[in-house]
Amino acid sequence: MESLIKRAAKDLAESKYAIALTGAGMSTESEIPDFRGPKGIWTTNKEAEAKAYQRYELFLNNPRAYWEEMLGLQGTYGTFHEQIRQAKPNPGHYALAELEALGLLKCVITQNIDGLHKKAGSKRVLEYHGSVNAVRCISCGSRFAWEEVSLDELPPRCKCGAVLKDDVVHFKEPIPLDVMEESEKEALGCDLMLICGTSAVVYPFANLPRMARFHTRRLFAGLDVVGYKTNVKIIEVNADPTPLTHEGVSDYLIQGKTGEILPRIVEELRKA
Ligand code: NAD
């Protein structure tokens with residue numbers, strides 16, 4: 001492990017445009033459970049998983065009932081939100097913020113909805129699956145802070161007239177275009193990607209490392225040929241191997257906790 005930490009520090013120091021991709025594993029050390037880890041919400045509660053798959057459909061079919069359920073904050077969903085509200089960033093979040101402050105990390109693209117990267121001081125954060133801290137118009141895409149939205153009448157509406165939804169992106173809900181386009185641009189343009197605490201099985205997010213790793217070339221009559229970018233480093237910091245490890249998308253895996261490994265990488269960089 002020690003030699004991989006040194007290797008990651010060296011790769012980061014030599015990179016020109018490094019970015020980080022993060023998932024729920026990043027926040028388990030802040031007492032927010034992940035979904036698919038050994039103690040994950042869905043590993044331990046299959047009913048909660050089934051319900052999560054239906055949430056966007058409920059919103060589309062009956063936005064008022066969706067809002068009433070959300071504001072009532074009952075069941076597993078409410079408990080999860082309470083855990084998020086009380087959570088504080090852990091050393092892993094702070095380490096990524098420090099890498100950005102040192103000029104070694106250009107942005108964090110996170111699947112997390114907990115806002116902990118921003119709380120830890122990361123400035124450039126793309127919240128791919130939205131955030132519990134905002135409300136979004138499903139039509140024009142405008143985002144609002146909760147305090148700006150009147151909940152006197154449900155469902156609340158945007159100035160454009162469309163229904164508002166919390167910003168968290170549910171299964172079967174499209175990823176907001178602005179954040180999707182910006183994330184793809186980052187993945188295509190980076191020369192180092194640090195992937196932290198994700199099972200890398202949720203799409204389209206899990207395509208971002210593949211966008212960084214491979215490129216397509218248009219040859220002859222519209223034929224796309226997939227090429228392998230040798231000048232890009234992809235490093236995983238995960239408790240367990242993922243499809244990215246098995247498929248050779250990542251160069252190497254540093255297996256363990258993000259809250260322990262990321263600060264050690266920063267420490268190594270400071271020594272240099
Ligand atoms: P996931 O639950 O599918 O996978 C988390 C992965 O992280 C697992 O493979 C687990 O082994 C690993 N892990 C757990 N603790 C770790 C640690 N301390 N260090 C390193 N690795 C650790 O999560 P995902 O891949 O992010 O995808 C699931 C979806 O869950 C995302 O859309 C996300 O929005 C949502 N989610 C978010 C939060 C949050 O905001 N904190 C929490 C749960 C789920």
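How do the residues of the lining of the second largest pocket divide into nonpolar, polar and charged? In this predicted model, the lining comprises 6 nonpolar, 3 polar and 4 charged residues.

The second largest pocket holds about 270 Å³ of space. It is lined by 13 residues, and those closest to its centre are His81, Arg85, Val132, Asn133 and Trp146. Two helices, α4 (63-72) and α5 (75-86), each contribute at least two residues to this lining. The largest share, 3 residues, is supplied by α5.

The ligand is surrounded by 28 residues, of which the closest are Arg36, Gln111, His129, Thr198 and Ser199.

| Residue | Protein atom | Ligand atom | Distance |
|---|---|---|---|
| Thr28 | side-chain N or O | nitrogen | 2.9 Å |
| Phe35 | backbone N or O | oxygen | 2.8 Å |
| Asp114 | side-chain N or O | nitrogen | 2.7 Å |

Tyr128 belongs to the loop between β3 (125-127) and β4 (134-137). Is Tyr128 buried or exposed? Tyr128 counts as buried because its relative accessible area is 0%, whereas the cut-off for a buried residue is under 20%. Leaving aside residues up to four places away in sequence, Tyr128 touches Ile109, Thr110, Val169, Ile175, Pro176, Val179, Met180, Ser183, Pro204, Phe205 and Leu208. One of these contacts, Thr110, lies 18 residues from Tyr128 along the chain, yet the C-alpha atoms of Tyr128 and Thr110 are separated by 5.8 Å.

Notes:
Residues are numbered from 1 along each chain as its sequence is written. This is a predicted model: local features need pLDDT of at least 70, side-chain atom pairs count only at pLDDT 80 or more; totals for chains, interfaces and linings use all residues. Side-chain values use heavy atoms; hydrogens and water are left out. On a 1 Å grid over the protein atoms alone, a cavity is a set of points where a 1.4 Å probe fits but cannot get out, and a pocket is an open set with protein on both sides within 12 Å along at least five of seven lines; lining residues have an atom within 4 Å of a point. Grid points are joined across faces, edges and corners, and a volume is the space filled by probe spheres set on the points. Helices (H or I, at least four residues) and strands (E, at least two) are DSSP runs, numbered from the N terminus. Ala, Val, Leu, Ile, Met, Phe, Trp, Tyr, Cys and Pro count as nonpolar, Asp, Glu, Lys and Arg as charged, and the others, Gly among them, as polar. Buried means under 20% relative accessible area, exposed over 50%, partly exposed in between (1.4 Å probe, protein chains only). Contact means heavy atoms within 4.5 Å. A residue is near a molecule or strand if one of its heavy atoms lies within 4 Å of it. A polar contact is a pair of N or O atoms within 3.5 Å; within protein, one must be able to donate a hydrogen and the other to accept it, and residues adjacent in sequence count only if both atoms are side-chain atoms.
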